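Hi everyone, thanks for making time this morning. Let me bring the structure up on the screen, and then we can walk through it together.

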4 protein chains.
Amino acid sequence: MTLTLDQARSIIDHTRAKGREMALKPLSVVVLDAGGHVLAFEREDGAAPGRFAIAHGKAYGAVMLGMAGTAQMARAEQQAYFMAAVNGVYGGQVVPVPGGVLLRSEAGVVIGAVGVTGDTSDNDAEAAMAGIRATGLNGEA
Amino acid sequence: MTLTLDQARSIIDHTRAKGREMALKPLSVVVLDAGGHVLAFEREDGAAPGRFAIAHGKAYGAVMLGMAGTAQMARAEQQAYFMAAVNGVYGGQVVPVPGGVLLRSEAGVVIGAVGVTGDTSDNDAEAAMAGIRATGLNGEA
Amino acid sequence: MTLTLDQARSIIDHTRAKGREMALKPLSVVVLDAGGHVLAFEREDGAAPGRFAIAHGKAYGAVMLGMAGTAQMARAEQQAYFMAAVNGVYGGQVVPVPGGVLLRSEAGVVIGAVGVTGDTSDNDAEAAMAGIRATGLNGEA
Amino acid sequence: MTLTLDQARSIIDHTRAKGREMALKPLSVVVLDAGGHVLAFEREDGAAPGRFAIAHGKAYGAVMLGMAGTAQMARAEQQAYFMAAVNGVYGGQVVPVPGGVLLRSEAGVVIGAVGVTGDTSDNDAEAAMAGIRATGLNGEA
């Protein structure tokens with residue numbers, strides 16, 4: 001199963017809608033495919049200019065490691081040097097905190113990831129999960 | 001004048017519509033703000049996975065140099081080593097060909113740039129210009 | 001609202017004057033625009049040669065994250081691996097300590113940042129705030 | 001002889017004044033010390049955001065090679081691969097065109113360099129030379 005641009009757009013739209021419903025700060029949302037490559041991205045007005053890199057880093061680490069943001073954060077807290085080394089091999093592109101959410105097919109295969117940043121990491125993840133569910137896909141935060 | 005996400009989305013929508021009208025290959029379209037930071041991006045189904053970097057490189061060089069893709073290509077053809085050096089100082093992120101289009105305010109100030117990739121450079125630029133005009137903004141290809 | 005070079009020069013002049021008034025070590029002061037790009041910089045005689053990168057790193061992180069140095073330091077103390085990861089995605093250019101001060105418009109929008117280095121981080125920040133106030137702008141340290 | 005900040009500021013002021021006298025496009029001017037480290041920089045309103053890197057690249061190559069921009073350009077035209085290799089060892093930070101001007105003491109020792117960008121390379125160099133002369137120093141373009 002290959003993630004489509006229409007699905008990516010739907011995830012972004014519904015993630016942003018959830019952010020407004022929860023009254024979060026301006027969000028930035030990226031969707032990556034199964035290879036960790038960018039399909040779609042939007043940065044809401046008022047967000048800091050560098051938010052693409054943070055959103056991308058959350059989603060990129062999730063795809064490349066096959067591990068969602070919550071699990072990455074747990075690992076970083078247990079073994080900071082391990083996640084630092086992981087970042088070495090991935091060119092510094094991994095941001096290991098909640099808000100990086102894996103997308104899985106019905107069969108459990110990773111088909112991409114969503115990265116959300118702008119509010120607290122937990123709120124970012126909650127908005128992403130809402131966007132994924134509203135698109136009829138399975139997320140793992 | 002600050003480019004909004006709604007304007008960026010409109011540019012992308014209309015650029016893609018023009019691509020379909022011209023029967024172009026799948027397009028990837030990025031919109032950057034006046035500081036060269038990503039506002040929005042979409043990659044159409046069927047495009048190669050690495051298209052974000054190409055679209056970004058076309059738009060990024062335009063903003064950073066204040067010079068659109070057509071002018072960058074002319075300079076690269078006259079002084080290849082100069083554009084190579086420019087790419088050095090910008091971390092290799094500049095793709096100096098048409099399809100990188102400056103966005104200017106009524107007063108002529110650069111407010112961002114659009115980067116399109118997927119078909120020929122000239123077709124990419126034509127689609128970008130159509131998307132910009134349909135959004136009521138001024139483009140310089 | 002766009003920060004002008006005259007404003008940037010005024011911030012630098014008044015920050016340096018405050019440094020002399022406080023009898024601080026030689027200061028280096030950078031002013032970045034809303035996209036994180038350098039508008040103006042001065043390094044006082046006697047400062048170490050590498051001070052541009054430190055001043056820049058304080059201001060750059062502030063703009064890119066929309067978070068001033070004091071808040072960045074707090075986050076770094078709580079989640080060291082997070083700020084390390086942030087530095088990865090920004091190419092190692094973030095120095096998360098006081099002395100990176102956000103510039104905000106009357107409406108609260110970030111219009112740039114000031115980075116000061118040379119004395120203690122707290123003294124650097126105090127000098128920056130004095131320079132910003134004397135220029136009639138709003139700072140967030 | 002060590003270049004002072006006051007001399008650097010004077011060079012920048014007089015270079016900019018020359019630019020206005022010649023009706024050049026907005027200029028960006030950097031002054032580096034004898035070690036190739038930034039002493040002072042200013043970017044005039046209306047210049048593209050990425051101009052620091054270009055100005056810096058012109059001056060940096062001049063100091064590091066002990067060769068002004070005109071001589072670097074001649075070498076690049078004769079041996080493009082050589083200047084490309086030079087850029088490899090200097091991390092891509094050299095922009096080998098006029099506008100990078102060496103500063104020499106009375107005894108002929110390199111004490112720093114000036115980098116100017118914004119107009120044609122030749123006009124950039126002319127403005128730099130005027131700024132250097134008005135400061136009572138010797139320039140080599």
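I'll talk about how the chains meet, taking one pair and then the other. Before anything else, please keep in mind that this is a predicted model.

Let's begin with chains A and B. How many residues does each chain bring to the contact? Chain A gives 17 residues, and chain B gives 17 residues as well. Together, chain A and chain B bury about 1600 Å² between them, and carbon and sulfur atoms account for 46% of that area. If you want to know where to look on the chain A side, pick out A:Leu5, A:Arg9 and A:Arg43. Those three supply 31% of the area that chain A buries against chain B, more than any other three residues.

Now for the polar side of this interface. There are six salt bridges between chain A and chain B. One of them pairs A:Glu42 with B:Arg9, where the closest N and O atoms are 2.7 Å apart. Polar contacts across the interface of chain A and chain B come to 13 residue pairs, counting those with both residues at pLDDT 80 or more.

Which elements of chain A build the side that touches chain B? Helix H1, residues 5-21, and strand S2, residues 38-43, each supply at least two residues of that side. S2(A) provides the largest share, with six residues. Sorted by class, the side of chain A that touches chain B holds eight charged, seven nonpolar and two polar residues.

S2(A) pairs with strand S2 of chain B, residues 38-43, in the antiparallel sense, and three bridges hold the pairing. If you zoom in on A:Phe41, you will find that its bridge partner in S2(B) is B:Phe41.

The area buried between chain D and chain C is about 1600 Å², with 46% of it on carbon and sulfur atoms. On the chain D side, D:Leu5, D:Arg9 and D:Arg43 lose the most area to chain C, together 32% of what that side buries.

For the charged contacts, chain D and chain C share six salt bridges. Among them is the one where the side chains of D:Asp13 and C:Arg9 meet, at 3.3 Å from N to O. There are also 13 residue pairs in polar contact between chain D and chain C, both residues being at pLDDT 80 or more.

C:Phe41 has D:Phe41 as its bridge partner in S2(D).

What rotation superposes chain D on chain C? A rotation of 180° does, with 0.0 Å of shift along its axis and an RMSD of 0.1 Å. The two copies are therefore related as by a two-fold rotation axis. In chain D, D:Phe41 has the C-alpha nearest that axis, 2.5 Å away. Of the interface residues of chain D, 100% are also interface residues in chain C, so these copies meet through the same surface.

One last stop, this time inside a single chain. Over all chains, the structure holds 36 salt bridges. One of them joins the side chains of C:Arg16 and C:Glu42, at 2.8 Å from N to O. This pair links distant parts of the chain, with C:Arg16 in helix H1 and C:Glu42 in strand S2 of chain C, 26 residues apart.

Methods:
Residues numbered from 1 in each chain as written. Chains lettered and ligands numbered in written order. Predicted model: local features only at pLDDT ≥ 70, side-chain atom pairs only at ≥ 80, totals over all residues. Heavy atoms only, no water. Least-squares fit on C-alpha atoms with pLDDT ≥ 70 in both. Contact = heavy atoms within 4.5 Å. Buried area = accessible area lost by both parts, 1.4 Å probe. Salt bridge = Lys/Arg side-chain N within 4 Å of Asp/Glu carboxyl O. Polar contact = N/O pair within 3.5 Å; in protein donor to acceptor, adjacent residues only side chain to side chain. Helix = DSSP H or I, 4+ residues; strand = E, 2+ residues; numbered from the N terminus. Nonpolar A, V, L, I, M, F, W, Y, C, P; charged D, E, K, R; others polar. Pairing = 2+ DSSP bridges.
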